[in-house]
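Please look through the sequence and the model below.

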Amino acid sequence: MQQRRELDQVYTNRKLLNGQLDTPKWWLPTVSILGVVVLIGVVVIAIMVNKGLGVTGLARPVYWGLFITTFVFWVGISHAGIMISAILRLTQAEWRRPVTRAAELLTVFSLLTALVFPLIHAGRPWRIAYWIMPYDVSRGIYPNIRSPLIMDPVAISTYLTGSTLFLYIALLPDLGNLRDRTTGWKNAMYTVLSLGWRGNPRQWKMQTVGGILLSALMLPIFVSVHSIVSWDFAVASAVEGWHSTIFAPYFVIGAVHSGVSAVVTMMALMRWLWKWDDFIRPEHFDALARLLIVVATGWLAFTFLELTFALYGQDAPEIALREMQMFQWPWNALFIIFFLTAYAIPVPMWLFKRVRTNIALMFWTSILVNIGMWLERFLIIVPGLARRTPFVYTWEAYRPSPVEWTIFIWSFAWVTFLMLLFSKFFPLVPLFEQKESQVFTKDVMIGRAKVPAIVREAD
Amino acid sequence: MSKSILGLFQQPEPAADAMDGLKEAGFELGTFDVLTGTPYPEGAFGEYVPQHRLFRFPAFGAIIGFTLSVFLTAVTQLAYPMVTGGKPIMSIFAMLIIMYEMTMLAGVIATVVGIIFESRLPNMQPGIYDTRITEGWIGVVITFDDESKVADAESVLNKAGALEIKHA
Amino acid sequence: MASQAVAHEAEHHAPPPQVAADVISTELVATTTGASGRFKAWVWILGILSIAGIAALVIKFINQGDDSTKWGYVAALVSFLLSVAGGAPMVAMAPVMAKANWVRPITRIASLFSFASVVTLIMLIPLVAILPPLVTEGARRRTIWYAAPDYSPHFWTTLALVMLLGTGIMLFYSAALPDFASMRDHSTGWRQRLGKRLARGWVGTDVQWRTLRMRIGMFGTFYFLILVFANFLFTTDFGQSMVPGWRDAILPMYHTVSGFQAGVAAVVIALYFSRKYMKLEKYIHLDAFWSLGRLLFALTLLWIYFFYSSFIVFWYGRSENDIATLNHQIKGPMIWAFFGAMILLWFVPWWILIWNKVRRGTTAMVMGSFVILLGLMLDRIRMFVPAWSVPGDQIHEKWLKEIPATYWPDIFDIVIMAGGISLVAFIVMMMTRVIPVLSVWQVQEFNLLSKPIKYIRGHATLVAKPD
């Protein structure tokens, strides 16, 4: 499965640093277009802050709509980084190597984007600034730590800080490499950022041991973040479909599903855009797809349990909600699309090796999964609120306004924009990990068969 | 004033020979080192890496984070004792979440500080170096307190097959 | 000083010794014979306890077979056995699917536990007879079977456990074919005849190896799916459904994951005793304890995660259902069992297994594993005893208005629990007389694929990854 290629360091440097040392032709036009979309989004956000949340489709009883769905979606995407980087590092999977940095980067940028949504969702966002720092001590009022809405930013900030620092630490050897390949102001910038990296055994040992230690510390954080986000919903007993104990692991495994799919999308794009055919190979997609099959099936089990126990309670409002969610227009259409795109189409396709090693098919199926997972969050959040019950006195259904859709599109443009900006200054594929794989892998002969092998240090 | 020299090799075997030669010639452990552009298995060059204390950093950070979080959550609840949702004023189960996150955050930050510190960074005057090291060359660097041993070191490096020797 | 440190490190992290393939066959096949006096003594003790347990079960059924409130401890025992005997073969399956090399020598000992699932079935029989039908006193209680026939839980749970036993045995047998061939070729007497029959003409052709791997993958996947299914059915039909208002969607998964934790702990214990008393240090390396230790540590942390996820939702909810569930399962009569379970399943193992030194050794690992098993028993008691203590006439209420009083185990319960656990150990020990406790062909494969090498001037292990 793991095919070894002999790639010398000069070639590796030249190929993987082509984003920093040269600029690909497509880079500037793409970044410009994305920049325009980002700007439009920012202007629309500013209009919304100025005019108030009335420009959105949010109204009693649907107080949480597109923004919160997209917030949960981006937090979900952010789970890719630690899954790939930390778990696969701890299990010493060789095939993680090309993907770790891009996955960690996706984590950082999607978390930054996710954090924007609760901020703009407040009717008066400037009040958030007032009561976070410093605490409004003179009136004796403090944020209520019992509220999941306070736990959320604490968790997300922890994860964001941890991921950013992890990203930086793992970037140090490559910053040293870039310092060695550049001159002028770029050289000065990389010299400062690399902190004087030389590559002696002590520093390499700290990379290895520190990487493992940070991975082990980040993993519990990764599990806790999406669990805390899920408790935004699960602790509320008033809304049907929300008060279920299974939300925490359900959301986490859904996040891993959508996050790893997003990494597949990103890997395909990286291979095509920067022509990294030697480094991002079909066997990486094969391995990721196998992981996805397991994760997706686990996710399906959790979905089944959630639905079963929702109906198990024999609670009339809950049953009415599920009936609306699965059998009434437009929710039934959304439900069918969700199920087809999140599981029923991609996973059976991934069972075939020919599909797993076909990069175009992997690209499109991974996008399908994320469409489905966005719909999943939408179907969890909105129907429970939207179900018209007595005393609500609302006759309209929730319909997201153009403002909400624009900001939704802005979030995708913003993440892509940031990733492309990053790629101009820092390599998306960790060079030292690629070079490390050349040192740590060999081909051995067992009889007449040439078998790939890994060099394991004495633990 | 210490002086250093850097011997450059293109293959790991000769570099390991140079390290062996320096040990046999009586150079003290810790005065010579090997520089690579990629990590090698530990001990591959017979190098000496002293014990690290990295594991103390997350422990220390976690204790600080835990203490701060207990203080923050307990004091804010007691300072404005408002009952929400029938929960007690000191809602320990809710506090646990913020305590957990802050403990982990402090632990991670301390670990990162530890990694940078134990790597002996930032080191804005890293000393003698060659940019070809990140292209696959391997450097053996020796630092001297007195200049009388420079010639011995040079002869060891040449004997091992150094392609170039730089002085600083 | 530095050289002392280097010497100690080298001894501590010495790679596994290379052993020739024929020596492996002979030595491991020889472990099936020549049981020591200590082994025989333990077999007798466990056998007597097992018989006593079954006898107590029968007597209890005769005397108390009409009162479901007296069967909580037996239900807790079935849950415990499902977790341990059901979860242990996962060690034979999951790391193999992940293509881990360290697990190869130890898969046999893990899959031997699948035979112990027969004990789960034996203990289940009276429960199936006593479990009330879905409609009692004219009212239907909450159930996952909705409008299905009244005896659906009885049928489907039994079927799930029978399938678990069957698939587990097939998983064992698929992987054991080459070793039955080794028994045919290297042992004598009835073992040789049994090996010949069960080896079914195994000679080791390419086609046979490929079919073997395919079967292991297939049965491994089925086993996992059925295990989750069995956990789901048992916890719901024999647990949640017995308590009005108890709606805990995470409970099946909580039960499954703590089952894996217990299964890994059981494998560690079995490995420890095999290594020590059968003198298998050459084959059961510290690597295995290291990797199992990491797995056990992760599962220990997962326990508290799953527990807290369910607890916090009830604690925040504060409806009558939520408060009743918390009082019933945690804060009320079961508070001491709960604290015991939490400390033994999470707190103590966490602080034992977190240290690298512990995971590289065996003694602390096995102590941690015993602690986990004890904690699991307390946890299952905490869940199932109050569940079965709810009187039959309240079982279909909307929520639990009256928390039943603490029910302490009587002498039959204690003998049944001791007997059930003894029977598991007895079965595993007896199976080691029939087939080598370590998989001969996988130990040979491990030696083939993993070799110590000198890397320039350092020591490392070269691990081939043919898949």
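Arg318(C) counts as partly exposed because it has 15 C-beta neighbours inside 10 Å, which falls between the 12 or fewer of an exposed residue and the 20 or more of a buried one. The model is a predicted one. Arg318(C) belongs to the loop between α12 (286–317) and α13 (320–331) of chain C. Its phi is positive, about 55°, although Arg318(C) is not a glycine.

Gln314(A) sits in the loop between α12 and α13 of chain A. Phi of Gln314(A) is near 55°, again a positive value in a residue other than glycine. There are 14 C-beta neighbours inside 10 Å of Gln314(A), so this residue counts as partly exposed.

## Two cis peptide bonds in chain A

Arg60(A) and Pro61(A) are joined by a cis peptide bond, with omega about 0°. Pro61(A) is in the loop that runs between α3 (27–51) and α4 (66–77) of chain A.

Another cis peptide bond links Trp329(A) to Pro330(A), and its omega is about -5°. The loop between α13 (316–327) and α14 (331–344) of chain A holds Pro330(A).

## A buried asparagine and a loop leucine

Is Asn370(A) buried or exposed? Asn370(A) has 21 other C-beta atoms within 10 Å, and is therefore buried. Asn370(A) is part of helix α17 (residues 359–386) of chain A. Leaving aside its neighbours within four places in sequence, Asn370(A) is in contact with Ser258(A), Ser261(A) and Ala262(A). Asn370(A) and Ile319(A) are 51 residues apart along the chain, and their C-alpha atoms are separated by 28 Å.

Leu163(B) is in the loop between α4 (150–160) and β4 (164–167) of chain B. With 13 other C-beta atoms within 10 Å, Leu163(B) is partly exposed. Leu163(B) and Gly7(B) are 156 residues apart in sequence, but their C-alpha atoms are 7.4 Å apart in space. Once neighbours within four places in sequence are left aside, Leu163(B) is in contact with Leu8(B), Phe9(B) and Gln10(B).

## Two helices packed together

In chain A, helix α1 (residues 9–16) packs against helix α19 (residues 431–440) at an angle of about 150°, and their axes are 10 Å apart. Angles over 145 degrees count as roughly antiparallel, so α1(A) and α19(A) are roughly antiparallel to each other. The crossing of α1(A) past α19(A) is right-handed.

Which residues make the contact? From α1(A) come Gln9(A), Thr12(A), Asn13(A) and Leu16(A), while α19(A) supplies Leu431(A), Gln434(A) and Lys435(A). By class, the contact of α1(A) with α19(A) has two nonpolar, four polar and one charged residues.

## Nonpolar cores

The largest nonpolar core has 288 residues, and Val263(A), Val267(C) and Val424(C) touch the most other members. Helix α11 (residues 247–274) of chain A gives the most to this core, with 17 residues. Apart from this core lies another, of 29 residues, including Ala18(B), Phe32(B), Tyr129(B) and Ala153(B). In soluble globular proteins, nonpolar side chains tend to be buried together.

With its neighbours within four places in sequence left aside, Val267(C) is in contact with Ala88(C), Val91(C), Ile109(C), Ala110(C) and Leu292(C).

## Contacts between chains

Chain B has 52 residues in contact with 51 residues of chain A. On the side of chain B that touches chain A, the elements that give two or more residues are β2 (32–35), α2 (56–79) and α3 (92–118) of chain B. The largest share of that side, 16 residues, comes from α3(B). By class, the side of chain B that touches chain A has 28 nonpolar, 16 polar and eight charged residues.

The contact between chains A and C takes 35 residues from chain A and 33 residues from chain C. The side of chain A that touches chain C receives two or more residues from each of α10 (201–234), α11, α12 (282–312), β1 (441–446) and β2 (449–457) of chain A. Which element gives the most to this side of chain A? It is β2(A), with seven residues. By class, the side of chain A that touches chain C has 21 nonpolar, nine polar and five charged residues.

Terms used:
Residues numbered from 1 in each chain as written. Chains lettered and ligands numbered in written order. Predicted model: local features only at pLDDT ≥ 70, side-chain atom pairs only at ≥ 80, totals over all residues. Axes fitted to C-alpha atoms, helices over the stretch in contact; angles between N-to-C directions. Helix = DSSP H or I, 4+ residues; strand = E, 2+ residues; numbered from the N terminus. Parallel < 35°, antiparallel > 145°, perpendicular 65-115°, else oblique. Left-handed = near helix turned anticlockwise from the far one by under 90°. Contact = placed C-beta atoms within 7 Å. Nonpolar A, V, L, I, M, F, W, Y, C, P; charged D, E, K, R; others polar. Core = buried A, V, L, I, M, F, W, Y, C linked by C-beta atoms within 7 Å.
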